[in-house]
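User: I would like to learn how to read backbone and side-chain features in a model. Can you take me through some cases?
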Amino acid sequence: MTETTTQRILLAEDDDAMRVYLERALVNAGYTVDSVDRGTAAIPLLEECEYDLLLSDIVMPEMDGIELAQRCNEVSPHTKVMFITGFAAVTLKASREQPHAKVLSKPFHLRDLVLEVERVLDDRISARLQ
């Protein structure tokens, strides 16, 4: 990573096994990760803490990832957004409603996830330096 401070990621994923799997991979890659099992649980964290990235599943109970991203844009506009999903039609909707967000389709290799997270966060750092 190019910064001396650890970058913070908020992970919203309703599938317990997937959430643990993704969190472990991101922590092993050197990120600080807070994880929640639904979008509604992510909102208070976005209001209280500063995150570099919101990594969210799109299809979740109570509040889907697209609505969560819209709320994130309101309460934490500096936070980048990246979606993960297993549904192709949902990917199209996410691309329309959050055009600056990266969408990673399941299944994916953890290496690909970490590389995409690095790209998204590197873009954020580059924009800040210009």
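This is a predicted model: local features need pLDDT of at least 70, side-chain atom pairs count only at pLDDT 80 or more; totals for chains, interfaces and linings use all residues.

User: What span does helix 1 reach from its first C-alpha to its last?

Analyst: Helices (H or I, at least four residues) and strands (E, at least two) are DSSP runs, numbered from the N terminus. The expected span of a helix is 1.5 Å times one less than its number of residues. Helix 1 covers residues 16-28, 13 residues in all. Its span is 18 Å, close to the expected 18 Å.

User: Which residues of helix 1 are buried?

Analyst: Buried means under 20% relative accessible area, exposed over 50%, and partly exposed in between (1.4 Å probe, protein chains only). In helix 1, Arg19, Leu22, Ala25 and Leu26 are buried. Viewed down the helix axis, these buried residues fall within an arc of 135°, so they line one face of helix 1. The arc is taken from the directions from the helix axis to the C-beta atoms. Ala17, Arg24 and Asn28 are exposed on the other side of helix 1.

User: What caps the N-terminal end of helix 1?

Analyst: Asp15 does, with a side-chain oxygen 3.3 Å from the backbone nitrogen of Ala17. After helix 1 comes Gly30, with a positive phi near 105°.

User: Which residues is Asp34 in contact with, leaving aside its neighbours within four places in sequence?

Analyst: Contact means heavy atoms within 4.5 Å. Asp34 is found in strand 2 (residues 32-36). Its contacts beyond those neighbours are Arg8, Ile9, Leu10, Leu11 and Tyr51. A polar contact is a pair of N or O atoms within 3.5 Å; within protein, one must be able to donate a hydrogen and the other to accept it, and residues adjacent in sequence count only if both atoms are side-chain atoms. The side chains of Asp34 and Tyr51 make one, at 2.5 Å. Asp34 is partly exposed, at 24% relative accessible area.

User: Where are Glu62 and Pro107 found?

Analyst: Most residues other than glycine have a negative phi, and most peptide bonds are trans. Glu62 is not a glycine, yet its phi is positive, about 70°. Glu62 sits in the loop between strand 3 (53-57) and helix 3 (65-75). Glu62 is exposed, at 58%. The peptide bond from Lys106 to Pro107 is cis, with omega near -5°. Pro107 lies in the loop between strand 5 (102-105) and helix 5 (110-129).

Key: Residues are numbered from 1 along each chain as its sequence is written. Side-chain values use heavy atoms; hydrogens and water are left out.
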